[in-house]
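Reader: Hi! I have a model open on my screen and would like to walk through it with you. Could you help me out?

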Amino acid sequence: MKEFAEKIEGTAVTTVTAANTAKAVKSGSLDVFATPMMLALMEEASCIACAPLLDENETTVGTCVSINHSKASGIGEVITAYALLESVDGRKLTFSVQAKDESDNIIGKGKIERFVVLKNKFLKRINGV
């Protein structure tokens, strides 16, 4: 993993569609942006943020998530997730994350931890090789 000396940020954007609603992903019964999909967008933003720090043979895996989803978003709304790398402890990366709607209202926020791993070594261990 490369050293860094400045704030590392990442952003990811999606539009709420029938495919990413609570009803579609079975995390609820309404046609509103699903909490698991908000989390996925936040994780995407954190992956984008840490990508410049990684060597070619490295990736990150999620290890801990603590978020809240405080505002519903309907079909057609544009949602943007932001991730800011707050700390590095060895191979553990901790991000503060938030998601906003197109009116700049915060719809969710929290923390995500990711761990830097060697791709091949990680997959070998998972596959029992």
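This is a predicted model: local features need pLDDT of at least 70, side-chain atom pairs count only at pLDDT 80 or more; totals for chains, interfaces and linings use all residues.

Reader: Nice. Zooming out, in what order do the strands sit in the sheet?

Author: The order is 1-3-4-5-2, with 5 strands forming an open sheet and antiparallel pairing. Strand 1 (9-15) and strand 2 (58-69) stand at the edges; each has a single partner strand, so one side of each has no neighbour in the sheet. On average, neighbouring strands are turned by 25 degrees against each other, direction ignored.

Reader: How many bridges join strand 3 to strand 4?

Author: 9 bridges join strand 3 to strand 4. Strand 4 and strand 5 also pair over 9 bridges, in the antiparallel sense.

Reader: Which residues partner with Ala 99?

Author: Ala 81 is bridged to Ala 99 of strand 4, and in strand 5 the bridge partner of Ala 99 is Gly 108.

Reader: What about the helices? Which strands does helix 2 lie across?

Author: Helix 2 (residues 35-50) lies across strand 1, strand 2, strand 3 (78-89), strand 4 and strand 5, and runs at about 145 degrees to strand 1. Helix 3 (residues 119-126) packs on the sheet too, where it touches strand 2 and strand 5, and its direction makes about 90 degrees with that of strand 5.

Reader: Switching topic: which residues of the largest nonpolar core touch the most other members?

Author: Those are Phe 33, Met 42, Ile 79 and Phe 95, out of 23 residues in that core. Helix 2, strand 3, strand 4 and strand 5 each supply at least two residues of it. Helix 2 gives the largest share, with 6 residues. As a general point, nonpolar side chains tend to be buried together in soluble globular proteins.

Reader: Tell me about Phe 95, then. What does it stand opposite?

Author: Phe 95 stands opposite Ile 112 in strand 5. Leaving aside neighbours within four places in sequence, its contacts include Ser 46, Ala 49 and Cys 50, as well as Ala 83, Leu 84 and Arg 114.

Reader: Why would you call strand 4 largely enclosed by the rest of the structure?

Author: Because 7 of its 9 residues are buried. Ser 96 is in this strand, which covers residues 92-100. Ser 96 counts as buried because its relative accessibility is 18%, under the 20% cut-off. The side chain of Ser 96 also makes a polar contact of 3.4 Å with the side chain of Glu 86.

Reader: You mentioned Arg 114. Is that one buried or exposed?

Author: Arg 114 counts as buried, at 6% relative accessibility. Arg 114 is placed in strand 5 (residues 106-118), and a polar contact of 2.8 Å joins its side chain to that of Thr 60.

Reader: Which residue forms a salt bridge with Arg 114?

Author: Glu 43 does, with the closest N and O atoms 3.5 Å apart. Glu 43 lies in helix 2 and Arg 114 in strand 5, so the pair ties together parts that are 71 residues apart in sequence. Glu 43 is partly exposed, at a relative accessible area of 23%.

Reader: How many salt bridges are there in the whole structure?

Author: A search finds 6. One of them joins the side chains of Glu 58 and Arg 91, at 3.3 Å from N to O. Glu 58 is in strand 2 and Arg 91 in the loop between strand 3 and strand 4, so this pair ties together parts 33 residues apart in sequence. Glu 58 counts as buried at 4% relative accessibility, whereas Arg 91 is partly exposed at 35%.

Reader: And which residue meets Lys 92 in a salt bridge?

Author: That is Glu 113, at 3.9 Å from N to O. Lys 92 lies in strand 4 and Glu 113 in strand 5, so parts 21 residues apart in sequence are tied together. Lys 92 is partly exposed, with a relative accessible area of 29%, and Glu 113 is partly exposed as well, at 22%.

How values were computed
Residues are numbered from 1 along each chain as its sequence is written. Side-chain values use heavy atoms; hydrogens and water are left out. Helices (H or I, at least four residues) and strands (E, at least two) are DSSP runs, numbered from the N terminus. Buried means under 20% relative accessible area, exposed over 50%, partly exposed in between (1.4 Å probe, protein chains only). A polar contact is a pair of N or O atoms within 3.5 Å; within protein, one must be able to donate a hydrogen and the other to accept it, and residues adjacent in sequence count only if both atoms are side-chain atoms. Two strands pair if DSSP finds at least two bridges between them. Axes are lines fitted to C-alpha atoms, for helices over the stretch in contact, and angles run from 0 to 180 degrees between N-to-C directions. Contact means heavy atoms within 4.5 Å. A nonpolar core is a set of buried Ala, Val, Leu, Ile, Met, Phe, Trp, Tyr and Cys residues joined through side-chain atoms within 4.5 Å. A salt bridge is a side-chain nitrogen of Lys or Arg within 4 Å of a carboxyl oxygen of Asp or Glu.
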